[in-house]
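Subject: Structure handover

Hi,

Here is the structure I promised to pass on. Have a look at it first, and my notes follow below.

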Amino acid sequence: MADSSNLRQSPEWYVARVDRLPTWGLSYALIWAMGFSFFITLYDVINVGFALPYVPFVVSAAQASLIASLGLWGYVVGAPIFSYIADIVGRRPTLIFTALLTALGSFGDALSINYPMLAIFRFITGMAIGADLVLVMTYMAEMSPAAKRGQYTNLAFIGGWAGIGIGPFIAALIVTSIPTIGWRIIFVVGGILAVLALAIRAYAPETVRFLAMKGKFSEVDSLVAHMETTSMKRAGVNQLPEPNMKVYNVPKESPFKILAKPKYLKRLVILFLLMFTIYFMDYPFLVLPETWVKDVLGYSGSLFSSAVFYFGLAGIGAFLGSILLRFIIDRFDRRYMTVLGVVVFTIGTAIMTIGGITRSIPTFFLGSFIAELVGVGWFNVYYLLCSENFPTSARATGYAIADGIGHAGGAIGLLAIFPLIPLLGNIGAWTVPWIPAIVMAIATVFTLPKTVKVRLEEVNEATDRM
């Protein structure tokens, strides 16, 4: 292994050492810790849909839509603010703060006594969650070896997607068993989990790429040496191949100046429109079917309870889909997987809608399960595209604009879905708005580079030489 002082003072040296590791170089507990944090984030995304029909001061579908929408507007505000901070001060301290803010918002949700109070705390919770969705995936992408980046980010994703798979089932049991205070319990659980995440994140190291970029070479050298020792022991090898080091000579610029460059601006626009159009229908699907069957289709009594329960049960499909993804995420081009995921999501939503209209709970469940399995279960593919297509010094900010501000699509979709029903009918309102998402998924094939098993710097910094 080369040992010159010049190399040791280069960020590319440490990146090359990490990217040639045969396995994950830290404790697997850290991956699960990040997944646990992701679980909290996604648990909160889903639980509001089960809670809202039981909140006594939320008395209409319009009010429920606005509460859910305010949480997503929190994403739009919080994600770019906190992600920009993460690009300046670090991933780790920002992750700690967002966990604290998630706890504050969740406990505030649970203690709300009127509509305005719940609205305020949903916005606060959304600010934290929007940043978390960006930072957890950014952290994992920056710490994983290039050849297995998809697999290791997927491990955290699986843990997080249990929040969608198991969370809805738990939430459905709580609200149907204790309808008077069950909605408060759902939010309390989220707050408790956020406190636990706060404790876990305190032990996570800063990412190698961020430390190297900031010139903290003594700290990053110790971290990388530990990762090399751990990885060799785990892989059963006595030595590692020479690092494939490439110098990029990237100037130090602000994240926004970097993202204004034509190459990154094009990627940013495409990814923003992709996430905006997906979220426009994803969040109505995740949050409002319970309100839809109750207030639009007139479900009541045991039929309504069955619909709530089986929609919660269908969420397990997302968890299973995320596990399935592990075996293929580093084998196939993520751009083509994006197209497939969005198309299947559309088909599943259509089947769910037909089941709801015909009052066939098995069909309602089948459509929901299909949409969850591939549509929701494969979201890691979209997240990876957002994390892989921007350079280290602007990665969190670019991701936050594409995904965080992209959540505005979900906020608008939550407000638009019910007004669209008189215009397009139930089937049209739940399916026609998917067309722009399919178009944008196809657009990624022609505008974004291949990223599977490619070093992050080769996707980005390598073409930015001065």
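F256 counts as partly exposed, because its relative accessibility is 46% (buried means under 20% relative accessible area, exposed over 50%, and partly exposed in between, with a 1.4 Å probe and protein chains only). F256 lies in helix α12, residues 255–259; helices are DSSP runs of H or I with at least four residues, numbered from the N terminus.

Before going on, please keep in mind that this is a predicted model, where local features need pLDDT of at least 70, side-chain atom pairs count only at pLDDT 80 or more, and totals for chains, interfaces and linings use all residues. Residues are numbered from 1 along each chain as its sequence is written, and side-chain values use heavy atoms, leaving out hydrogens and water.

F256 also belongs to a nonpolar surface patch of about 560 Å², together with V77, I81, Y84, I85, I88 and V89. Helix α4 (residues 61–89) gives the largest share of this patch, 6 residues. Patches are made of residues with over 30% relative accessible area and no salt bridge; nonpolar side chains (Val, Leu, Ile, Met, Phe, Trp, Tyr) are joined within 5 Å, like charges within 9 Å. A salt bridge here is a side-chain nitrogen of Lys or Arg within 4 Å of a carboxyl oxygen of Asp or Glu. Accessible areas come from the Shrake-Rupley method with a 1.4 Å probe, and for residues only the protein chains shown count as cover.

Next, the inside of the model. R122 is in helix α6 (residues 115–143) and is buried, with a relative accessible area of 5%. Leaving out residues up to four places away in sequence, R122 touches D44, V48, I67, G71, D109 and F187 (contact means heavy atoms within 4.5 Å). Beyond its neighbours within four places in sequence, T125 is in contact with D44, G105, S106 and D109.

G348, in helix α17 (residues 334–358), is also buried, with a relative accessible area of 0%. The C-alpha atoms of G348 and G367 are separated by 4.4 Å, although these residues are 19 apart along the chain. Not counting residues up to four places away, G348 touches G367, S368, I370 and A371.

Finally, in helix α15 (residues 301–314), F304, A307, V308, F311, G312 and A314 are buried. They are on the same side of α15, because they cover an arc of only 165 degrees around the axis (taken from the directions from the helix axis to the C-beta atoms). On the other side of α15, G301 and S302 are exposed.

Best wishes

Key: Helix = DSSP H or I, 4+ residues; strand = E, 2+ residues; numbered from the N terminus. Expected span 1.5 Å × (residues − 1).
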